[in-house]
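Subject: Two-chain model, handover and notes

Hello,

Here is the structure I promised to pass on. My notes follow below it.

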Amino acid sequence: MDILRIATAGSVDDGKSTLIGRLLYETNSITKDKIEALESASKRKGLDFLDLSLLTDGLIAEREQGITIDVANIYFSTPTRKYIIADTPGHVEYTRNMVTGASNAKVSLILVDARQGVVEQTARHLSIAAMLRIPKVIICVNKMDLVQYQESTFNTIKESLSELVAQTTFEGQEISFLPISSLYGQNITQKTSEMPWFKGNTLLGELEAFEYASSLAHAPARFPVQFVVRPMTEAYHDFRGYAGKISSGTFNVGDAIRVLPTGQESKIATIEKFETKLDQAIAGDSVTITLTTDVDISRGNTLVLASEENAPALKDFSAQVCWLDHTALSPGKTYLLQHGINTTKAKISQITERLDVATQTSTQGVDTLNLNEIGTIALRTAQPISADQYAANPANGAFILIDEFTNSTVGVGFVK
Amino acid sequence: MQTIQDKIGHFPRQLEDESIYILREVAAQFERPALLFSGGKDSITLVRLAQKAFFPGKIPFPLVHIDTGHNFPETIEFRDWLAKETGAELIVRYVQDSIDQGKAKEESGKYASRNVLQTVTLLDTIEEFKFDACIGGARRDEEKARAKERIFSVRDDFGQWDAKRQRPELFDMLNGRIAVGENVRVFPISNWTELDVWNYIKEEKMEIPSIYYSHKRQVIERDGMLWADSEYLNKEADEIPFEATVRFRTVGDMTCTAAVASDATDIDVIIEEILSAEISERGARIDDKRSEAAMEKRKQQGYF
């Protein structure tokens with residue numbers, strides 16, 4: 001079975017946690033003791049319904065303030081799929097968590113309160129889903145019970161988003177709209193008689209049906225070497241294997257390969273997964289590759305197919321970044337740039353522009369990027385990185401920036 | 001008849017690939033990593049993954065066991081067998097030593113356990129060997145505070161976790177840079193659920209300690225749960241041990257792990273039981289019941 005990763009996003013109080021609680025509840029993913037704990041906690045709060053949000057708000061501060069601070073990971077399964085939800089906060093100041101939670105997602109769930117319609121946060125979320133190139137976005141118009149299940153309300157919201165959707169979406173991205181009520185479990189896993197005008201699938205139905213065609217397996221082949229396996233035991237005296245997880249594309253035994261950045265060439269002798277020898281491995285597989293000839297390869301090198309042209313080696317390039325730290329990005333400063341498993345020093349020469357994601361307008365001539373801000377930067381690395389353009393191959397096009405002194409991850413970038 | 005696989009599907013192999021990737025990053029990014037081994041199914045799974053990650057090489061870090069002295073004897077026996085089987089180095093340190101040195105104090109009362117005391121011995125062990133990364137088998141589905149912890153979780157000199165100062169983790173990039181004195185707790189099976197672990201043990205035909213399977217044992221009943229009787233359990237006068245057929249769903253100390261009545265002698269039946277269970281896995285961990293935020297508070301103190 002496969003795994004589908006979902007990111008949820010929404011503003012404060014539009015019922016995101018309740019929606020997730022609903023999904024867990026209706027797929028029998030929470031046990032009786034947890035439901036009982038919820039019942040007593042809901043009663044203590046003076047509520048006459050099950051406050052399913054209490055399931056995911058795990059930190060003391062979150063329960064006290066009734067908000068979600070950090071990314072929470074939640075799991076549920078159906079017989080066909082395992083789902084991992086990154087539940088991310090919708091407060092403006094926590095955009096960094098939203099980007100973090102959504103970075104691995106294949107589906108983005110965006111909640112809109114039916115009474116309030118589209119707010120700035122909705123636009124922000126749509127833009128971030130586009131920036132991260134998340135292939136499917138489901139916009140859930142929630143709290144339909146509070147607007148008498150009116151089709152016109154749903155349509156108004158849908159129309160008011162159409163311009164923004166057209167502006168942010170990219171080729172191949174699927175966007176759908178669903179009218180739901182998390183509180184009463186309508187159109188989550190079951191259709192409701194309250195909205196006979198809605199002919200679409202339920203939320204779970206959409207998730208179960210979504211196929212993210214293994215587009216990654218067809219992307220250019222990239223295999224970053226994580227670890228060189230050299231047992232030097234009697235049985236494996238001359239064994240030298242390159243262990244790593246294939247970022248994108250497909251490798252076959254017998255393929256001619258090139259090592260980046262050195263340019264040496266060789267051929268794949270074996271592809272191994274523990275005691276099994278494979279003919280082929282694809283994106284996502286953790287394998288150990290051996291070559292037919294002795295080449296000098298160490299951690300941080302990338303194997304690519306010799307038959308594929310234009311293997312990247314970037315030193316001076318521009319990238320879109322989202323700033324994640326309280327200390328602003330300042331041009332001229334040196335950071336550590338980690339691309340996949342590879343780290344090198346990088347200097348940011350310039351902030352070319354800052355993007356207002358809510359309005360999709362950009363400002364030139366800015367000196368800093370603050371926490372949660374998104375912009376385009378020009379940078380230069382000490383060593384070349386074997387990165388692709390993010391839009392062309394997302395699995396090999398992102399990097400993080402690390403502060404050399406605090407060691408914190410302070411930014412995330414997408415190669416332009 | 002419907003098989004287990006019809007009901008829960010095959011083990012999602014992507015999880016194994018991701019965990020192996022994490023273990024390789026640990027070996028590459030840190031100088032002195034260690035795998036914290038408890039003898040439970042989650043840490044046994046970690047050992048299996050580590051074996052695979054570096055094959056045909058050996059596991060490049062030691063297994064470290066913090067022995068509370070209240071472990072089930074079956075767990076200790078299994079631990080020693082596994083270390084031998086995999087050829088991994090085994091390091092054992094004892095909570096009793098921390099108590100004897102006056103660094104930790106035995107709890108009293110009928111709920112007394114050494115669970116909290118482990119932290120003292122763990123932090124001393126980290127210091128003794130200068131471990132910079134400790135790999136653990138915690139999963140995010142176990143508990144609400146754990147659901148928010150990163151895969152690479154940076155701890156200060158006192159082993160403390162600060163939920164608000166966590167580093168963002170984007171895509172699969174793991175930033176293991178730390179200052180001197182800090183260390184990282186690494187959770188490679190963060191995204192596995194209890195069922196995933198059992199499904200993996202089944203598909204990999206892994207050995208696990210016998211107490212996970214049904215057996216006869218002397219127990220007492222307390223708070224609606226069955227507790228293993230042992231010399232370490234502080235019993236009240238009316239708590240009279242009796243024999244029951246039980247198994248353990250989670251394995252911690254004898255003083256803080258409750259048994260479930262069960263006839264499950266093979267793994268398919270165990271999975272069936274979990275599917276129909278009305279109580280969550282950590283519902284059988286008395287250590288978690290101390291308060292709604294028990295886990296978060298312990299983590300702030302340096303708990304695993």
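**Chain A overall**

Chain A has eight helices and 23 strands. Helices (H or I, at least four residues) and strands (E, at least two) are DSSP runs, numbered from the N terminus. The radius of gyration of chain A is 24 Å, close to the 22 Å that the globule rule gives for 416 residues, so chain A is as compact as a globular protein of that length. That radius is taken over C-alpha atoms, and the globule rule is 2.2 Å times the number of residues to the power 0.38.

Before the details, two points on conventions. This is a predicted model: local features need pLDDT of at least 70, side-chain atom pairs count only at pLDDT 80 or more, and totals for chains, interfaces and linings use all residues. Residues are numbered from 1 along each chain as its sequence is written, while chains are lettered from A and ligands numbered from 1 in the order in which they are written.

Along its principal axes, the C-alpha trace of chain A spans about 70 × 55 × 40 Å. Of its 416 residues, 49% count as buried. Buried means that 20 or more other C-beta atoms lie within 10 Å of the residue's own; exposed means 12 or fewer, partly exposed lies in between, and C-beta atoms are placed from the backbone. Take the contacts in chain A between residues at least 6 apart in sequence: 70% join residues at least 24 apart. Two residues are in contact if their C-beta atoms, placed from the backbone, lie within 7 Å.

Chain A holds an open sheet of six strands in the order S2-S3-S1-S4-S5-S6, with mixed pairing. Strands pair if DSSP finds at least two bridges between them. S2(A) and S6(A) (174-179) stand at the edges with a single partner strand each, so one side of each has no neighbour in the sheet. From one strand to the next, the twist averages 25°.

S2(A) runs antiparallel to S3(A) (residues 81-87), and six bridges join them. Ser77(A) stands opposite Lys82(A) of S3(A).

Helix H4(A) (residues 95-102) lies across S1(A) (2-9), S3(A) and S4(A) (107-113), running at about 165° to S1(A). Axes here are lines fitted to C-alpha atoms, for helices over the stretch in contact, and angles run from 0 to 180 degrees between N-to-C directions. Eight of the eight residues of H4(A) are buried, so the helix is largely enclosed by the rest of the structure. Among them are Arg96(A), Asn97(A) and Met98(A). What do the buried residues of H4(A) pack against? They pack against S1, S3, S4, helix H5 (120-131), S17 and S23 of chain A.

**Strand S17 of chain A**

S17(A) (residues 314-323) is joined to S21(A) (residues 374-385) by eight bridges, in the antiparallel sense. Leu314(A) has Ile385(A) of S21(A) as its bridge partner. Five bridges join S17(A) to S23(A) (residues 409-415), again antiparallel. Here Ala319(A) is partnered by Val415(A).

**Chain B**

Chain B comes to nine helices and 10 strands. Its radius of gyration is 19 Å, close to the 19 Å that the globule rule gives for 304 residues, so chain B is as compact as a globular protein of that length. Of the 304 residues, 54% count as buried.

Chain B is divided into domain 1 (12-199 + 292-300) and domain 2 (209-286). These bounds come from an automatic or database domain assignment. The C-alpha centres of the two domains lie 24 Å apart. Their contact takes 22 residues from domain 1 of chain B and 21 from domain 2 of chain B.

In S5(B) (residues 152-155), Phe152(B) and Val154(B) point one way, Ser153(B) and Arg155(B) the other, and all are buried. S5(B) pairs with S6(B) (residues 183-186) in the antiparallel sense over four bridges. Val154(B) has Val184(B) as its bridge partner in S6(B).

**Between the chains**

The contact takes 50 residues from chain A and 44 from chain B. S2(A) (residues 72-77) gives the most to the chain A side, with five residues.

Best wishes
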